[in-house]
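Biologist: I'm new to this one. Could you walk me through how to read a few of its features?

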Amino acid sequence: MKNAIILLLFTGLVLLAGWWVSDEPLDAAAQLWLEDTEEENAAYQYLIEMVGIDPPFDPDNIQQRLDSPHPTGPEPLEELQQKDLLCDNYTAACLLKQQQHTATGQALLSRFAPYLARYQHFLAFDDFKEMTPARIDTPFPRYRRLITLARLQSLNWAMNKDGQGLTSEIERLRHLLAQHHSILSKVIVTRILSEKIQLAALLMQQGQPVSLSQYRLSTAEKSFRSALAYEFRFSTRVLQQDWRSHEFFGEHWLENLYYIIGLRENITTNRAFLFYQHYADLSENPSFIIANDVYQLPAPSLSQAIRNPAGNQLLESSLPHFTEYLSRLSHLDAQIQLLSWFRHHDPSLPNPWSPEGGMTLEKSSDEICFPSDFNSEKMRSCLPLLDADQHLEKQG
């Protein structure tokens with residue numbers, strides 16, 4: 001009898017230990033997001049040849065990459081990036097400066113005509129997919145140079161007051177926005193489009209027609225689903241690489257032991273997927289829903305808490321914040337809606353930041369805005385005015 005009890009206890013301990021060290025099956029939807037296609041993409045390859053590649057991507061420093069120009073160098077595009085005649089945000093002052101310095105502008109356009117032709121050819125591709133391998137040591141395209149070429153193209157539209165050419169470019173950029181991106185490339189195209197919409201507002205005030213097919217972003221244009229799938233694939237592979245390296249663990253043997261026995265890869269991946277999937281779904285919602293989102297990753301189940309304490313702790317400390325990136329699309333959507341005001345001055349244009357859609361537009365001497373607590377210095381649901389009083393009087 002005593003031996004039988006000991007055997008039962010031993011068997012129970014073995015089963016308990018087996019359960020404790022076991023992992024969950026990988027969620028089927030998460031597995032789909034982790035699958036990486038090996039297909040080539042002609043538009044992506046052309047982009048690489050056009051702008052070159054950057055040093056390895058830093059997932060914690062996207063904003064700095066967007067705001068900080070690359071060091072100057074011998075490459076012509078690096079030199080072009082430093083030209084103060086290019087507008088990084090279109091204001092009345094910047095537009096008028098470009099139109100007053102036509103000789104300098106034409107010289108730039110003439111010198112960089114081959115690069116501009118390549119930019120236009122890139123926009124002509126129907127299918128773009130960010131094909132940078134999801135690894136920490138993989139360099140990304142130099143997207144800052146793409147911004148520079150887009151600004152050079154804007155200089156051409158501005159000096160020649162070519163609203164139709166700008167309209168065609170905006171439509172191509174919107175098509176590009178709806179393709180398969182990383183977070184970095186999605187935000188870059190969003191930024192380019194925002195500058196184009198600012199220019200469109202100014203040219204319309206100078207009497208140039210800029211008529212869009214739609215004055216709202218489509219679900220595909222707003223969606224961060226493919227970008228977040230890329231980010232999920234990227235972060236998961238980085239963590240898996242770390243888990244298999246000695247660099248991930250601490251110097252003390254107890255810390256090492258904690259991660260070795262307290263981390264389950266699939267449990268951690270499945271819980272992380274819930275986080276990424278939420279923001280993918282959220283990105284396709286109206287702006288006021290995105291702005292008021294207070295999502296938190298659901299607490300682990302009792303089984304997950306017992307078997308994966310190290311992985312759960314890792315998730316709590318390392319999951320990024322995506323709301324700012326989604327907000328960029330919300331502000332772009334608002335700017336595109338606001339552009340319709342320049343065709344028909346409706347002061348009751350529905351505010352995308354308000355569930356009721358109300359609130360009168362706010363006008364100052366240099367811009368018109370959808371009033372919102374979410375407007376900031378870097379992201380604003382506003383468009384520039386040449387001269388608010390004069391323009392309103394002329395239109396009225």
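Modeller: Happy to. Keep in mind that this is a predicted model. Let's begin with the disulfides: with bonded cysteines counted along the chain, they follow the pattern 1-2, 3-4.

Biologist: What is a disulfide, in general terms?

Modeller: It's a covalent bond between the sulfur atoms of two cysteines. This structure holds two disulfides. One is formed by C87 and C94, with their sulfur atoms 1.7 Å apart. The other joins C369 to C382, and there the S to S distance is 2.1 Å.

Biologist: Is the disulfide of C87 and C94 left-handed or right-handed?

Modeller: Look at the torsion about the S-S bond. For C87 and C94 that torsion is about -100°, so the disulfide is left-handed. The link of C369 and C382 has 110° about its S-S bond and is right-handed.

Biologist: Which parts does the pair C369 and C382 tie together?

Modeller: C369 lies in strand 4 (residues 367–369), while C382 lies in strand 5 (residues 382–384), so the pair ties together parts that are 13 residues apart in sequence.

Biologist: And are C87 and C94 buried or exposed?

Modeller: For that, check the relative accessible area: under 20% is called buried. Both C87 and C94 are buried. As for the other pair, C369 has a relative accessible area of 5%, so this cysteine is buried. C382, at 6%, is buried too.

Biologist: Let's move to a loop. Where is N351 found?

Modeller: Look between helix 19 (323–339) and strand 3 (362–363): N351 is in the loop there. With a relative accessible area of 2%, N351 is buried. The side chain of N351 also reaches the backbone nitrogen of W353, at 2.9 Å.

Biologist: Now a helix, please. Why would residues three or four places apart point the same way?

Modeller: An α-helix has 3.6 residues a turn, so residues with that spacing point the same way.

Notes
Residues are numbered from 1 along each chain as its sequence is written. This is a predicted model: local features need pLDDT of at least 70, side-chain atom pairs count only at pLDDT 80 or more; totals for chains, interfaces and linings use all residues. Side-chain values use heavy atoms; hydrogens and water are left out. A disulfide is a pair of cysteine sulfur atoms within 2.5 Å. Buried means under 20% relative accessible area, exposed over 50%, partly exposed in between (1.4 Å probe, protein chains only). Helices (H or I, at least four residues) and strands (E, at least two) are DSSP runs, numbered from the N terminus. A polar contact is a pair of N or O atoms within 3.5 Å; within protein, one must be able to donate a hydrogen and the other to accept it, and residues adjacent in sequence count only if both atoms are side-chain atoms.
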